[in-house]
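Student: Could we go through this structure together? I would like to begin with its surface and then move to other topics.

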Amino acid sequence: MSKQIQYSDEPIGEPSLVTDFLPSPEELSLRKKNTKITISLSSESVEYFKQQAEIHHTQYQKMIRQLLDEYVSQQKSPAR
């Protein structure tokens, strides 16, 4: 680093509290209980998820599971 940082005595203003939006370590370490099932899906759907999983460097089964979990969460929501 060749350039020196020059500090000033300028006021920085009032600090504001930012709400913590990240899950706690406990929440991250808890794994949901999964139930293994056998399901038949269309080849087109499976191929789509496999392609997307490759793009996003994840597992296609995990993407399908997250999609279903999100759907269930929305259906259970009282705001419907």
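Student: What should I know about the source of the model and its numbering?

Tutor: This is a predicted model, in which local features need pLDDT of at least 70, side-chain atom pairs count only at pLDDT 80 or more, and totals for chains, interfaces and linings use all residues. Residues are numbered from 1 along each chain as its sequence is written, and side-chain values use heavy atoms, with hydrogens and water left out.

Student: Which residues form the positive surface patch?

Tutor: Arg31, Lys36, Lys62 and Arg65 form it. Patches are made of residues with over 30% relative accessible area and no salt bridge, with like charges joined within 9 Å and nonpolar side chains (Val, Leu, Ile, Met, Phe, Trp, Tyr) within 5 Å. A salt bridge is a side-chain nitrogen of Lys or Arg within 4 Å of a carboxyl oxygen of Asp or Glu.

Student: Where does Lys62 lie, and is Lys62 buried or partly exposed?

Tutor: Lys62 lies in helix 3, residues 60-76; helices are DSSP runs (H or I, at least four residues), numbered from the N terminus. Lys62 counts as partly exposed because its relative accessibility is 37%. Buried means under 20% relative accessible area and exposed over 50%, with partly exposed in between (1.4 Å probe, protein chains only).

Student: Which residues make the nonpolar patch?

Tutor: Ile37, Ile39 and Leu41 make a nonpolar surface patch of about 320 Å². Ile39 has a relative accessible area of 53%, so Ile39 is exposed.

Student: Changing topic, how many aromatic pairs are there?

Tutor: The count is one aromatic pair. Tyr48 and Phe49 form this edge-to-face pair, at 5.6 Å centre to centre and with 80 degrees between the planes. Rings of Phe, Tyr and Trp (its six-membered ring) pair if their centres lie within 6.5 Å; planes under 30 degrees apart count as stacked, over 60 as edge-to-face and the rest as tilted.

Student: Is Phe49 buried or exposed?

Tutor: Phe49 is buried because its relative accessible area is 16%, whereas Tyr48, at 46% relative accessibility, counts as partly exposed.

Student: And the backbone: what is phi of His57?

Tutor: Phi of His57 is near 55 degrees, a positive value in a residue other than glycine. Most residues other than glycine have a negative phi. His57 lies in the loop between helix 2 and helix 3 and, at 75% relative accessibility, counts as exposed.

Terms used
Accessible areas come from the Shrake-Rupley method with a 1.4 Å probe; for residues, only the protein chains shown count as cover. Lys and Arg count as positive and Asp and Glu as negative; His and the chain ends are not counted. The place of a charge is taken as NZ of Lys, CZ of Arg, CG of Asp or CD of Glu. Helices (H or I, at least four residues) and strands (E, at least two) are DSSP runs, numbered from the N terminus.
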